[in-house]
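Hi,

Here is the structure I said I would pass on. Have a look first, and my notes follow below.

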Amino acid sequence: NKPAKAVEGVVQAAAEEGADVTRADVPGAPGSTPPSVEEPTEPHDPLPSRKKQGTPETRTPTGATTGLPPAANGQQGAFLTTAQGARLRDTDHSLKAGPRGPILMQDHHFREKITHFDHERIPERVVHARGAGAHGVFTSYGAAEVTRAGFLRKGKETPVFVRFSTVLGSRGSADTVRDTRGFATKFYTDEGNFDLVGNNMPVFFIQDAIKFPDIIHAGKPHPDREIPQAQSAHDTFWDFVSLHTEAQHHAMWNMSDRGIPRSFRMMEGFGVHTFRLVNAAGETALAKFHWKPKLGVHSLTWEEAQMISGMDPDFHRRDLYDAIEAGAYPEWELGLQIVPDSPEETFANVDLLDPTKFVPEELAPVQPVGMLVLNRTPTNFFAETEQVAFHVGNLVAGIDVTNDPLLQGRLFSYVDTQLTRLAGPNFPQIPINRPHAPVNDLLRDGFHQQAVHTGVAPYRPNSLDGGNPFPAGDDENAFLDVPVTVAEAPKVRASPVSFDDHFSQVRLFWLSMSPVEREHIIRAYTFELSKCYHQEIRERQLRCLANIDPVLCAQVAAGLGLPSPEPTVPPVDVEPSPALSQLGRTWPTDGRTVGIVVDADSDLDGVDGVRSAVFAAGMVPLLVAAHGGKVGELPVQRTFATGRATEFDALLLAGAPAPAPDALPAADAGHATLVDPRVRLLVQESWRHAKAIGGWGAGVSVLEQAGVLGTPGVVTGGSGTDVLAGVQRLMAAHRVWERFPTAVT
Ligand code: HDD
């Protein structure tokens, strides 16, 4: 029998928690039901804890008890304190032996402050170190016919956290480098966290996870000098991908405009692998996940990307935060390509286990199953964006993995990496990682344990904690490992024969591009290979391009000044997939920025009307003038010194600001009609980057001086609102594509 005091403690603790527990309910209490010798089998609520096991009230009160927002947890009260809560009189002077003397060892505040600071940084992610995150909500349209996942039940709303990233660069690297972008989503579902850890490209460099260190070592800066930062334009990357030809497909996606997105808001996302879905009847289907951005898929030009890397390295991060804070919430539809489950795991000749291949949308349409809206920026970058830990193994009932060997290896890597990055096994308890579903996991102790676990039996089977916790079945929506048959096969280090096709889908991608997009791809390969020092690497990559397409190969070879080699694997006949091209459609212009150049002689009432019309269209007007402050009554957002064309999606000219007298060469000095050269540059750069341009009044003379009047995508008119209407129509196509030269068709 338990001592009476201990029994009393349990009853009291239970009463404080609002549970109706009598002495007789407490196991071991005199008069209680004696424990059975059989293993308990009935699920029931956990037994009340003994008093001494109750969670001590050691934490700073939470939002629930203080009424303060949760973000304020742990940092409350008017006075500065130590980490232990002792109020401090001075934090600017260390404790010294006299004002000129040495610091005393006893200065516990100094030691606490400096020690904490010394340990503020944690290792950055080995890949995807540079990123930005946001909170949001996912609303399902329903997908019950294919999956029993609760968050995909019709109308169900699920909170999410999304982190976008580049792959290669360090945490402080520029946003607009040429690279793949990560698109990782954590759904805090009622049935546990589901992580969709994808990219903005549907294929990957390698087919087997064992090669991940190889591709990443090749892409990261050279180990001797640690350059170049955040880019693939160097020898080791092209050395690897030219030798390891299964990487050619993903490499071409990186060389395409998809490698330099205009905004995170304008990127597609892909789960890449094939997943196996299970519905309530136990029927399975194979599926690929897609995110479709409401604003369409858009890219920067390469020159813009390079300029922005210097002028605003945080371009994508800023764009995401600005849009959310302005209420222009980014939106994506989640879609599924669903194909029948079959023992062959192939569809339309595509091996669904090969992550270097995708299924063209024309063959398996993407069926929308829900909408993601990002509506809240993080309160604290480190706590949320840096500490969030994604894992492809965070699955929920109704979604299972396949044997894709890349996915299989990822199932190991994501937990493993957090053990170092987040210093121990308890990272799921960090607030941003905590499931919103109840957790009852039998995992105990370890570094940074936050829970004060009750009970005495963290093992199964047990009788001392009444058998708790109990395994769930289908009725309790337990996760189901689909019992797929594993073929009887020898243990080998090998891939299926279908994995040997390294070129047909690269060709498919190339042939699906419009002439402008092909031109950009040619220029990207030429740029990157020109940055290689080793001639043999350029030649070897040209041999790969020859296997993809002779025109592509010849154009890149011409740019490098090298002969174009013959293919070793003749290019095959493939059906292009028009859905892959970013051109040929129109899109909403919400959240786009419109620069408006003004001076004191502009028709300021007209400019004000244009500003209002830009706002009304859901876009952002930015007035650009020679100086800050105001022009007339209108506030100026950018000056000619701080505003560059890269920041605007379209440029309007409502005036022709004159140059400062010292801004012109001697020959032009005193020329009354000349425009400020920085405004000419604005126009010329906007034109080069194929942006819509408009002018009225004196603004038309700027277009003339910049040499762009009468060219495609340059609108003039009698009033600002007329010009804006024409410009807006052009913006819906993203760029004035005719302006790009195209040597290929
Ligand atoms: Fe990975 C991070 C996406 C293959 C190992 N990966 C990481 C992130 C994304 C992806 C978006 C950043 C998550 C975040 O924002 O915190 N990774 C992919 C995709 C892949 C892929 C789409 C292929 C289809 N990854 C892949 C392989 C391995 C890893 C084959 C290892 C065998 N990935 C990691 C990692 C990272 C990671 C080392 C670094 C930081 C982290 O996990 O949390 O474990």
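How many bridges join S2 to S3, and in which sense do the two strands run? There are seven of them, and the strands run antiparallel. Strands here are DSSP runs (E, at least two residues), helices are DSSP runs too (H or I, at least four residues), and both are numbered from the N terminus. Two strands pair if DSSP finds at least two bridges between them.

Before the rest, some housekeeping. This is a predicted model: local features need pLDDT of at least 70, side-chain atom pairs count only at pLDDT 80 or more, and totals for chains, interfaces and linings use all residues. Residue numbers start from 1 along each chain as its sequence is written.

Back to the sheet. S2 also pairs with S1, again in the antiparallel sense, over nine bridges. On the S3 side, Arg-163 has Ala-184 as its bridge partner. S2 is largely enclosed by the rest of the structure, because eight of its 10 residues are buried. By "buried" I mean that 20 or more other C-beta atoms lie within 10 Å of the residue's own; 12 or fewer makes a residue exposed, anything in between partly exposed, and the C-beta atoms are placed from the backbone.

Now the ligand. The shell around the ligand holds 26 residues, of which Arg-125, His-128, Arg-163, Gly-182 and Val-272 come nearest. A residue is in the shell if its C-beta atom, placed from the backbone, lies within 6 Å of the molecule. Strands S2 (157-166), S3 (181-189) and S4 (192-199) each give two or more residues to the shell, as does H10. H10 gives the most, with six residues. By type, the shell divides into 14 nonpolar, nine polar and three charged residues. Here Ala, Val, Leu, Ile, Met, Phe, Trp, Tyr, Cys and Pro count as nonpolar, Asp, Glu, Lys and Arg as charged, and the others, Gly among them, as polar.

UniProt positions are given in the numbering used here, feature names are shortened, and annotations may be inferred rather than shown by experiment. Two of the listed residues are worth a click:

- Arg-125 sits in the loop between helix H3 (108-118) and strand S1 (131-140). It counts as buried because it has 21 C-beta neighbours inside 10 Å.
- Arg-421 lies in helix H10 (residues 405-421). With 16 other C-beta atoms within 10 Å, Arg-421 is partly exposed. Leaving aside neighbours within four places in sequence, Arg-421 is in contact with Ile-122, Pro-123 and Arg-125, where contact means C-beta atoms, placed from the backbone, within 7 Å.

Most residues other than glycine have a negative phi, and most peptide bonds are trans. A cis peptide bond joins Ile-227 and Pro-228, with omega about 0 degrees; Pro-228 is in the loop between helix H4 (212-219) and helix H5 (235-243). The bond from Arg-460 to Pro-461 is cis too, with omega near -5 degrees, and Pro-461 is found in the loop between H10 and helix H11 (504-512).

Glu-345 has a positive phi, near 50 degrees, and lies in the loop between strand S8 (331-340) and strand S9 (346-347). Asn-349 has a positive phi as well, near 65 degrees, in the loop between S9 and strand S10 (350-351). Is each of them buried or exposed? Glu-345 counts as buried, with 20 C-beta neighbours inside 10 Å, whereas Asn-349 counts as exposed, with 10.

Finally, the overall picture. The protein has 18 helices and 20 strands, and buried residues make up 40% of its 745 residues. Its C-alpha atoms fill a box of roughly 105 × 75 × 55 Å along the principal axes. The protein is divided into domain 1 (1-37), domain 2 (131-433), domain 3 (509-580) and domain 4 (593-739), with bounds from an automatic or database domain assignment. The centres of domain 1 and domain 3, taken over C-alpha atoms, are separated by 76 Å. The unreviewed UniProt entry also annotates residues 81-468 as "domain: Catalase core".

Cheers

Methods. Contact = placed C-beta atoms within 7 Å.
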